[in-house]
Amino acid sequence: MKIREFINKATDNWPVKAACVLLALCLYIFYTLSMQEKRSFTVPLRIKSVSGIAPAGHYPSTVKITLKGKTEDIASIRENEISAYLSLDYLSKDGTYSIPVLVDLPQQALLLDTMEVMVYPKEVKLKVEEQISGFVNVKPLINGEVAYGYEIKKVTLKPETVEIYGPRSMVLNCNRVQTKGIFVKNAETTFETQVDIESPGAFLKLKDSQKVSATVEIAAIFSEKKFSNVSIGFSGLSDDFEVSPQSFADIQLAGSLAELEKFVPPYGTLYVDCSSIEKTGTYELPIIVSVPEKFTVKSLSKQKITLNVKRVSKNGEFEEKLNDEINPIIPESKPEKTENNSGDI
């Protein structure tokens with residue numbers, strides 16, 4: 001009898017009672033959801049491998065990790081405490097594999113049963129190969145131009161080779177690595193510097209030092225230049241005489257390009273020694289060349305000149321004018337380099 005009364009009471013006006021139960025359930029679910037929070041992080045994707053296997057193909061640089069749980073639990077976790085990685089430790093040979101993305105969380109998050117962790121993508125398709133090492137040459141990268149008139153003769157690197165490691169196929173196909181830029185702008189002398197090595201690639205790594213010592217040998221460019229119509233002076237001529245005609249010659253010099261470009265032959269570069277002339281007449285005398293020691297005389301258009309020597313009449317202004325124009329002053333100091341061109345040059 002009691003059971004029947006209970007059933008009658010339970011079923012009495014049941015639509016209303018069912019609606020109340022459903023409403024209570026909805027309120028519970030809403031309350032539970034309101035107490036939870038969802039938070040997403042984008043973190044770098046790393047590779048972990050101690051088995052001698054290395055990645056040989058591209059993979060995502062980052063993954064998205066979403067944490068879902070109580071608000072206070074989510075708020076206690078910082079982004080730098082979360083990491084994601086692909087483990088290659090269980091792989092033993094070359095191939096392409098679908099590898100799950102693994103997530104590292106802080107210790108307090110692992111103790112929370114209500115924490116839900118989602119990662120995207122869940123797995124990564126990756127080509128892997130055996131990891132090997134090898135030695136490759138280092139090549140210099142030169143930035144800029146040396147000073148005008150100079151050139152780079154040689155660049156020496158120490159060490160000349162470095163050890164790299166990575167996937168077998170990439171190590172075998174790599175025959176050199178390159179330094180970062182060695183700046184030589186306007187350099188005129190040899191110098192030494194320390195320079196970094198550029199990364200050999202996304203999958204190859206340098207095993208030891210990231211720097212090499214670079215010695216850049218810089219030297220002057222040597223060239224030749226012709227100087228035309230250089231005036232020929234007269235040295236040691238007595239004030240009692242005058243010579244004619246005024247003469248010119250062409251001279252070819254060799255030396256540093258930069259020095260040759262700015263050199264202008266001064267008066268007296270070419271001259272004849274007239275100190276032996278004691279009377280009027282016609283004389284054939286050798287041309288003497290006086291140039292700085294940094295230059296070498298390659299050729300002279302004529303080796304001797306013929307002079308007509310006449311006596312000067314003593315006549316005030318006329319004599320002074322002749323002395324100024326016909327008898328140029330040759331510097332008393334010893335020329336840097338003097339060549340008597342009585343023979344061939």
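Is C274 buried or exposed? In this predicted model, C274 has a relative accessibility of 0% and therefore counts as buried, where buried denotes under 20% relative accessible area, exposed over 50%, and partly exposed the range in between, for a 1.4 Å probe and protein chains only. C174, with 16% relative accessibility, likewise counts as buried. The structure holds 0 disulfides, a disulfide being a pair of cysteine sulfur atoms within 2.5 Å.

Residues are numbered from 1 along each chain as its sequence is written. Local features need pLDDT of at least 70 and side-chain atom pairs count only at pLDDT 80 or more, while totals for chains, interfaces and linings use all residues, and side-chain values rest on heavy atoms, with hydrogens and water left out.

The pLDDT, the predictor's confidence in each residue from 0 to 100, averages 83 over the chain, and 78% of the residues score at least 70. Over residues 329-335 the pLDDT is below 50, and this stretch has 5 contacts in the model beyond near neighbours in sequence, a contact meaning heavy atoms within 4.5 Å.

Strands, taken as DSSP runs (E, at least two residues) numbered from the N terminus, pair if DSSP finds at least two bridges between them. An open sheet of 3 strands, with antiparallel pairing, has the order β16-β22-β19. Its edges are formed by β16 (241-244) and β19 (281-286), each with a single partner strand, so that one side of each is left without a neighbour in the sheet. Between β16 and β22 (residues 304-311), the antiparallel pairing extends over 4 bridges, and E242 stands opposite K310 in β22.
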